[in-house]
Amino acid sequence: MKDTATTVIERCDLLGNISEEPGLLVRPYGSQAMNEANDVVSGWMRGAGMTTRRDKIGNLIGCYEGTGDKTLIVGSHLDTVRDAGKYDGQLGVMVALACVQQLHNRGERLPFSVEVVAFADEEGLRFGTTFLGSSAYAGAFDKSRLSLKDKNGVPLSQAVRAFGGDLDALENGGHENGDLLGYCEVHIEQGPVLEQKRLPVGVVTAINGQSRVRIGFSGEAGHAGTVPMEGRRDALCAAAEFVLEIESSAKAQPEAVATVGEIKAFPGAINVIPGGAEHSLDLRHPEDAARERLRNHLEQRAGEIAASRGCEHRWQVRQETPAVPADPELSALLGRAVEDSGFPVHRLPSGAGHDAAQMAALTNVAMLFVRCKEGISHNPAESVKKEDVGVAIEVMDRFLALLAQGERSRHQSEASQEVSP
Ligand SMILES: [Zn+2]
């Protein structure tokens with residue numbers, strides 16, 4: 001018999017060929033390819049003993065009934081970026097499906113239902129806005145997004161309808177009945193840490209919060225040939241000094257990452273001293289307070305650097321997204337499941353956003369990262385080892401068993417409290 005990890009890899013290969021364009025993987029929200037992928041996956045879900053439905057925005061949901069009223073949600077997304085790899089999103093859905101398939105093969109019912117959710121939009125390729133699927137499922141959908149248009153001028157509202165969705169019920173959320181035990185997502189790491197640690201999987205501590213800032217420096221433009229070096233007010237030199245300050249400040253803070261990805265000089269000519277400079281800052285950290293401290297420190301340093309060069313600075317915070325901590329109890333169970341599978345537990349934050357961050361509006365969340373080759377993602381070169389996929393399935397299987405054990409003993413203690421006077 002074929003082992004489960006092989007099936008998962010083969011299914012990721014198969015899904016990797018369901019695309020809007022030949023020769024590369026492109027599967028945006030509401031596309032024909034997304035409909036096809038949903039059909040294929042729902043067939044697999046039914047084969048694993050699940051009933052399937054689609055929610056108001058078109059997320060695909062498979063339900064494996066349990067013996068109790070509560071539900072655990074496991075899943076990830078089925079949409080992709082343009083020229084995507086085969087594992088970002090798809091792997092999480094396929095591992096979740098594989099775990100249910102194993103329960104079904106063993107004829108085992110858990111004391112809770114397991115819902116496998118395949119979100120229809122995480123990457124935001126078509127409408128330039130992320131997490132349409134999981135925000136709708138979590139009941140956190142922002143209706144103002146419905147007027148967003150894709151590159152052909154089709155508004156999101158029309159795309160939702162064409163995809164079989166229901167605009168009037170979008171804000172109601174995708175979960176239909178019963179209390180939730182939580183949401184657990186398996187995802188490729190999209191970074192190099194697990195590979196460096198030589199570990200197949202890691203437990204996510206938090207999805208990093210993020211600050212996006214626009215910084216400007218103004219000095220005085222002048223002739224590159226006639227103005228002596230002494231006394232210049234070169235705005236780009238101030239920006240350059242500050243960029244290096246950002247790098248060293250972030251390095252001094254464990255877990256912080258800071259990036260200047262865009263920079264411009266004005267007027268922008270080879271023979272003119274820059275009178276102005278502008279650059280971006282993307283700052284991320286698993287703890288909001290630490291991120292805010294670092295952001296305030298950098299703002300102060302921007303002012304000091306500007307002043308020391310006779311320049312002025314502008315500091316404009318464009319976006320603040322709070323961190324989403326993983327649930328300590330679910331994460332502890334995941335950690336135990338990793339140990340029971342024979343591996344040390346490595347805990348790490350997620351630098352990238354995930355559906356789990358949206359699902360946190362609805363329930364407790366946890367995530368398991370799977371090592372991926374050289375940390376490469378959003379790229380057809382994305383690659384995972386079959387053995388690592390096997391470990392992820394084993395960990396999730398043990399996680400479900402631990403959760404079931406907890407639920408059973410909770411039921412027992414409730415029942416014994418009811419009989420005792
Ligand atoms: Zn993803």
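User: How many bridges join strand E7 to strand E12, and do they run parallel or antiparallel?

Analyst: Start with a general idea. In a regular strand the side chains alternate between the two faces of the sheet. Now the case here, in a predicted model. Strand E7 and strand E12 (residues 276-285) run antiparallel, joined by 10 bridges.

User: How many bridges join E7 to E13?

Analyst: There are 9, and these strands also run antiparallel.

User: Is E7 mostly covered or mostly open?

Analyst: Mostly covered. Of the 10 residues in E7, 8 are buried.

User: How does the lining of the largest pocket divide by class?

Analyst: It has 13 polar, 6 nonpolar and 5 charged residues.

User: What is the volume of the second largest pocket, and which residues are closest to its centre?

Analyst: Its volume is about 330 Å³. Of its 17 lining residues, Glu189, Val193, Pro349, Ser350 and Gly351 are the closest to the centre. Strand E15 (residues 347-350) gives the largest share of the lining, 3 residues. By class, the second largest pocket is lined by 8 nonpolar, 7 polar and 2 charged residues.

User: How many cavities of 30 Å³ or more are there?

Analyst: The count is 1. A cavity differs from a pocket in one step of reasoning: the probe fits inside a cavity but cannot get out, whereas a pocket is open. The largest cavity contains about 40 Å³ of space. Its lining is Val204, Ala206, Ile207, Val324, Ala326, Ala356, Val365, Ala366 and Met367. Strand E6 (201-207) and strand E16 (365-370) each supply two or more of those residues.

User: What classes of residue line the largest cavity?

Analyst: The lining has 9 nonpolar residues, with no polar and no charged ones.

User: Now the metal. Which residues coordinate the zinc ion?

Analyst: Look for donor atoms around the ion. His77 (NE2), Asp88 (OD) and His187 (NE2) coordinate the zinc ion at 1.9 to 2.2 Å. Their sequence spacing reads H-x10-D-x98-H. Asp88 and His187 link distant parts of the chain, 99 residues apart. Asp88 sits in the loop between strand E3 (71-77) and helix H3 (90-106), and His187 in strand E5 (residues 180-188).

User: Are Asp88 and His187 buried or exposed?

Analyst: Buried means under 20% relative accessible area. Asp88 is at 5%, so it counts as buried. His187 is at 1%, so it is buried too.

User: Last feature. How many disulfides are there?

Analyst: Check the distance between cysteine sulfur atoms; the cut-off is 2.5 Å. The count here is 0. For Cys184, the nearest cysteine sulfur belongs to Cys99, 9.3 Å away. Cys184 is buried, with a relative accessible area of 1%. For Cys237, the nearest cysteine sulfur is that of Cys311, 8.7 Å away. Cys237 is partly exposed, at 33% relative accessibility.

Key:
Residues numbered from 1 in each chain as written. Predicted model: local features only at pLDDT ≥ 70, side-chain atom pairs only at ≥ 80, totals over all residues. Heavy atoms only, no water. Nonpolar A, V, L, I, M, F, W, Y, C, P; charged D, E, K, R; others polar. 1 Å grid on protein atoms, 1.4 Å probe; cavity = no way out; pocket = protein on both sides within 12 Å on 5 of 7 lines; lining within 4 Å. Points joined across faces, edges and corners; volume = space filled by probe spheres on them. Helix = DSSP H or I, 4+ residues; strand = E, 2+ residues; numbered from the N terminus. Donors = N, O, S within 2.8 Å, 3.2 Å for Na, K, Ca; no water. Buried < 20%, exposed > 50% of the residue type's maximum accessible area, 1.4 Å probe, protein only. Pairing = 2+ DSSP bridges.
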